[in-house]
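User: I'm new to this structure and would like a friendly tour of it. Could you walk me through it?

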Amino acid sequence: MLRKLPGDYTRDIVSTAPDSLVFRPTVVKTPAVFTIAVISFRATVGLFRMVWRHPLACLAVLAPIALGALCGWRVALVAVVATVSAPAGWRLAEPVSFTAWIGLRLRAWWRWMWNYRRHWQPVMAVSGLAKHIGGREYLPRLLKVTCTPTADVVAVKMLSGQSVTDWQDRTDNLAHGFTGYECRVVSAKPGRVTLVFPRRDVLASPIPALPITGDVQVSAVPVGVREDGSAYLLKLHGTHVLVAGATGAGKGSWLWSAIRGLLPAQHAGLVEIWALDPKLMELSYGRALFGDRYAADPGACADLLEAAVKVMQERAGRFAGVQRNHTPTVDDPFILVVVDEVAFLTAYQTDRKCRERITAALATLTTQGRAVGVGVLAALQDPRKEILSIRNLFPDKIALRLDEPAQVDLVLGDGARDRGALADQISPNPATGAGIGYVRLEASPEPVRVRAAYVSDSDIRAMVAEYAGTGEAR
Ligand SMILES: Nc1ncnc2c1ncn2[C@@H]1O[C@H](COP(=O)(O)OP(=O)(O)OP(=O)(O)O)[C@@H](O)[C@H]1O
């Protein structure tokens, strides 16, 4: 029995308006030849598109069939065995290059077909990213899937009129829909977005302190690892960095990794590290590295900050009209003022005069210091404005584990959490979460997930043994 077509039902509908107006919809029958022509055209275009997009996969299927038909099945079998064993041998002998050239491409093709293409329409429809207008469904276009060793990267053409925020609001739906544990939305070109689905978390286990290579690095130093497994270099010269995180979030590892990376440059006389340690816990362990540029009690901290302001102003006077940017030299080294728990000095300080001196000095350094080679790297537990009123004077910010979702945007700026900086979801277990943070740089609003290397007490002792005293004023 023939299945009823949509028109068969429509023809039988009789609509009656309240005022007894009766009408029957007209059903125009499309000749079968048109329907067949349209279907054949679509199939041909689809075939060409598949060959165009996946030439290797198509070749892998068609070549043995063609060979079998032309030269017999034995030849085809030998060719298939040879073709399969060559990559298998490559995989065994050179797994890294095999993964880079073949493995990741094959995986991307498989993920495109099996995960994203298959689930695209239902996920778009259910998450509300597809639109129904005039009975037609409009879907965002799945452009390309690429795989990195740790994540799937999906390029999408949005529907006209959609914004990146529409996608950022649905990261949860997308992650669950495509069976990922997280989805991050990155704005690409106009009209396009990139969805990043991490497959495994390379940051899940602690990273030991990075080796001190002896290379003199001032502007940016390696402090940890990004989630794609590459090294992360933190820019320190020419900026100020605020590291915010709840207690036990691993702020110390960021401070110590930065200090560790700068030690060769301090040894060469191109950097001075000034340390303010009001909690008397974190930096005191390696205080010999800082010589007399270390302060713990609030009065001494205020003096040290004002001394930094003095150096800054003296340089500003000298540089005025001569140079607009600072280049570290032995005479004018880059000065990094490291402050552990800045709130102790700005908010919890009971001596009002001292508090005002410190706030004024920090504000002066963070507004005028970077052009003359004075930077501030500060750690903070509570990111509220009343705790650190000059929070926005730090161009670069790092959010480690935070207690509440709202705190993420307080630290990283509006919209950072929607862009995927889920700092409130970082594990409170030190082994899996301490030191992990989202970095948002002045120059790029996309948060980058990084884990700082863990500089243990014995690492600090070794640093002191090798470098203490080498950065003293000459
Ligand atoms: N990068 C890291 N990798 C692995 N574990 C870490 C890392 N950083 C810190 N930890 C672990 O987490 C613990 C807490 O770290 P840390 O004291 O640096 O946190 P914090 O944010 O400075 O806390 P607080 O503000 O209370 O001083 C450390 O004792 C260590 O065991």
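**A guided tour**

User: Which helix gives the most to the shell around the ligand?

Analyst: Welcome! This is a predicted model, where local features need pLDDT of at least 70, side-chain atom pairs count only at pLDDT 80 or more, and totals for chains, interfaces and linings use all residues. Residues are numbered from 1 along each chain as its sequence is written. Helices are DSSP runs (H or I, at least four residues), numbered from the N terminus. With three residues, the top contributor to the ligand shell is the helix spanning residues 251-267, α8.

User: How many residues surround the ligand, and which are the closest?

Analyst: A residue counts as near a molecule if its C-beta atom, placed from the backbone, lies within 6 Å of it. The shell has six nonpolar, eight polar and one charged residues; Ala, Val, Leu, Ile, Met, Phe, Trp, Tyr, Cys and Pro count as nonpolar, Asp, Glu, Lys and Arg as charged, and the others, Gly among them, as polar. In total 15 residues surround the ligand, the closest being G250, G252, S253, A434 and G435.

User: Are α8 and α14 roughly parallel or roughly antiparallel?

Analyst: Axes are lines fitted to C-alpha atoms over the stretch in contact, with angles from 0 to 180 degrees between N-to-C directions. The axes of α8 and α14 (residues 457-467) come within 11 Å and cross at roughly 15°. Angles under 35 degrees count as roughly parallel and over 145 as roughly antiparallel, so α8 and α14 are roughly parallel.

User: Which residues of α14 meet α8?

Analyst: Contact here means that two C-beta atoms, placed from the backbone, lie within 7 Å. On the α8 side, the partners are W256, R260, L263, Q266 and H267. From α14 come I460, M463 and Y467.

User: At what angle do α9 and α11 cross?

Analyst: Helix α9 covers residues 298-319 and helix α11 covers residues 352-368. These two are also described as roughly parallel. Their axes come within 9 Å, and the crossing angle is roughly 30°.

User: How far apart are the end C-alpha atoms of residues 229-409?

Analyst: UniProt, in an unreviewed entry, lists this stretch as "domain: FtsK"; such annotations may be inferred rather than shown by experiment. Over residues 229-409 the chain is 36% helix and 19% strand (E runs of at least two residues). The end C-alpha atoms lie apart by 26 Å.

Methods: Parallel < 35°, antiparallel > 145°, perpendicular 65-115°, else oblique.
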